[in-house]
Amino acid sequence: MTEAMAPAKEEGFQPSILAFCCNWCSYAGADLAGVSRLQYPVNVKVLRVMCSGRVDPYFVMRALELGADGVLITGCEIGDCHYISGNVKAKERFERLSKLLDQIGIGSERIRLEWISASDGIKFAELMEEFTEHITNLGPSPLKGSATGGV
Amino acid sequence: MDKENVKRLISDMGAHDCVECGKCTTVCPVTRFNPEFAPRLVVVKALAGEDMDLSKDSDIWVCNTCEMCNNMCPYEVDYSGFIRGMRGEARREGHEPDCTQGGLLHAMMRIMANSDLPQKRLDWIADGLKVAEKGDVFLFVGCLPQMDAIFEDRNLNLVETARSAVRIMNHIGIEPVVSPKEKCCGHDLNWAGDEKNLIKLMNHNVQVIKDSGAKTVVFTCPECLRTFDLDYQDFLGDFEFEMVHISEFIARAIEEGKLKFPENISISTTFHDSCRLGRHLGLYDEPRRVLAEIPSVELVELEKNREAATCCGVSGFMSCNSISKVMQMEKMQDAKRTGADVLVTPCPKCRIHLDCSTRDETPVDKGLVDIPIMDFTVLVDLALRGELQIPDVQDKEAEKEAEKTE
Ligand code: SF4
Ligand code: SF4
Ligand code: FES
């Protein structure tokens with residue numbers, strides 16, 4: 001935790017959250033949540049990837065750089081990845097990235113990796129709900145508004 | 001492309017003096033493996049005022065900025081400076097280089113440049129190491145801890161370099177200042193043409209050093225030193241504090257009789273002149289003098305050493321490509337051929353890249369390149385403690401097998 005920097009909770013703060021969802025599991029889970037008419041917060045923007053292993057740590061860093069308050073990566077359960085070990089690699093990368101975010105002061109609590117299967121629309125909706133609440137409690141990203149002009 | 005800017009670049013870098021002798025092209029390692037690239041032609045094209053399409057011009061990004069060409073040029077054309085300037089131009093037009101790690105490192109540096117987050121920079125400080133908040137000597141650690149996180153799977157333990165530097169300093173009674181406020185020096189952004197963010201990092205870092213009251217700043221990383229010594233001072237004029245590489249610092253301590261080495265096991269080493277330390281900063285003798293001072297350490301020179309040393313193949317974490325790999329294989333084969341026990345590198349980045357090149361499958365027979373790589377600072381520290389050892393060549397295949405069967 002980078003408690004020192006936790007910004008004061010802002011009134012009416014609506015976090016922007018980016019979710020990288022694997023096509024074969026959690027994206028289908030999101031679909032199922034949709035057809036089952038489950039509600040989840042509008043703060044989450046879902047980005048479909050073909051596998052959680054496709055998510056380069058740079059994507060996450062770039063999202064944070066551009067002011068995302070939280071980033072979620074979801075993939076198939078270990079053993080269920082359609083490309084055998086994409087999610088194992090995703091997990092390794094996630095752990096390294098978490099360390100880096102703690103070091104540089106953004107805080108690993110702003111990112112999350114979860115496994116959700118295609119049949120689990122309820123888990124998907126619940127996770128979105130819970131993560132949004134978690135990020136809302138954390139407050140806005142300390143990088144909000146610091147246009148880095150990277151690209 | 002802003003023609004005025006390019007004109008200014010040409011005159012600043014002395015490109016008008018070019019006599020088209022082509023010496024630069026004959027030594028360029030990139031040209032050797034990619035005949036389509038020629039530093040002379042890039043200069044000639046710019047001189048002719050040709051309207052280069054920077055979006056398509058890959059020439060400005062494939063250069064390794066190793067300064068072989070600068071070194072060879074009879075008219076002292078600052079070719080690498082010219083390339084850096086052109087990269088700035090390309091960036092202003094919105095073009096980007098291919099960065100390794102997808103650009104993660106550059107993003108991290110931009111974030112540091114544009115925010116003031118409370119960083120955890122000093123977790124590497126171990127028991128028994130004495131550091132201070134204020135004092136005469138500042139140890140600029142740079143991004144060693146961050147690199148360890150990014151390359152954690154490679155077990156490089158880069159922070160050991162920082163620990164070793166502190167131990168060496170403690171040995172001669174110095175408690176160096178280390179600061180959690182330090183930010184990345186911006187070297188990689190600078191060479192990617194991102195001057196704007198370099199300047200932000202520069203202003204911050206210089207303030208941190210001024211606040212510490214230090215008179216001397218010691219660097220274990222030649223890239224940081226280059227950036228401070230050449231680039232920062234270019235913008236800000238001469239600093240009041242002095243900047244030295246750890247090899248200079250140690251060489252001086254030896255001269256002043258403050259460092260004496262105990263008996264160690266005999267090791268034969270070979271030394272990699274990193275391009276930043278060597279051609280950019282001209283520090284060839286200092287590390288050699290230090291190695292010569294350690295009783296049981298022998299130095300066998302690489303075939304290509306000092307000014308002629310080939311680089312590690314990647315600079316600024318950009319353009320790591322097949323040419324980089326060929327260059328790295330050449331370097332490692334050269335090292336292995338010397339028969340030395342270890343290849344010593346003064347640059348942590350070179351260590352990262354050269355280690356990468358010999359991991360997993362190699363394009364040449366593994367036996368031709370399997371020489372362990374050791375950091376210069378760590379070697380000196382071990383020797384000082386009488387604990388010098390020949391590190392194992394990590395048996396990476398075996399490591400992988402073990403992981404699989406786990
Ligand atoms: S700096 Fe190095 S890679 Fe670039 S043109 Fe000169 S010799 Fe070639
Ligand atoms: S070595 Fe110098 S003078 Fe000769 S072609 Fe290259 S830049 Fe021009
Ligand atoms: S296919 Fe879903 S995580 Fe790899």
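**View 1. Ser247(B) in its helix.** With 0% relative accessibility, Ser247(B) counts as buried; buried means under 20% relative accessible area, exposed means over 50% and partly exposed is in between, with a 1.4 Å probe and protein chains only. Ser247(B) is found in helix H14 of chain B, residues 246-255. Helices (H or I, at least four residues) and strands (E, at least two) are DSSP runs numbered from the N terminus. Setting aside neighbours within four places in sequence, Ser247(B) is in contact with Glu286(B), Pro287(B), Val290(B) and Phe376(B), where contact means heavy atoms within 4.5 Å.

A word on the model: it is a predicted one, so local features need pLDDT of at least 70 and side-chain atom pairs count only at pLDDT 80 or more, while totals for chains, interfaces and linings use all residues. Residues are numbered from 1 along each chain as its sequence is written, chains are lettered from A and ligands numbered from 1 in the order in which they are written, and side-chain values use heavy atoms, with hydrogens and water left out.

View 2. Chain A has 4 helices and 4 strands, and along the sequence they read β-α-β-α-β-α-β-α. Of its 151 residues, 54% count as buried. Helix H3 of chain A runs over residues 86-104, and its 19 residues should span 27 Å at 1.5 Å a residue, which agrees with end C-alpha atoms 27 Å apart; the expected span is 1.5 Å times one less than the number of residues. Among the buried residues of H3(A) are Phe94(A), Leu97(A), Leu100(A) and Leu101(A), and also Arg96(A) and Asp102(A). The cover over the buried residues includes helix H2 (57-65), strand E3 (70-75) and strand E4 (111-115) of chain A, together with helix H8 (104-114) and helix H9 (144-150) of chain B.

**View 3. Around ligand 1.** Of the 13 residues around ligand 1, Cys28(B), Cys63(B), Asn64(B), Cys66(B) and Cys69(B) come nearest; a residue is near a molecule if one of its heavy atoms lies within 4 Å of it. Helix H3 (29-33) and helix H6 (68-72) of chain B are the elements giving two or more residues to this shell.

**View 4. Around ligand 2.** Here the surrounding residues include Cys18(B), Cys21(B), Cys24(B) and Cys73(B), along with Arg40(B) and Val77(B).
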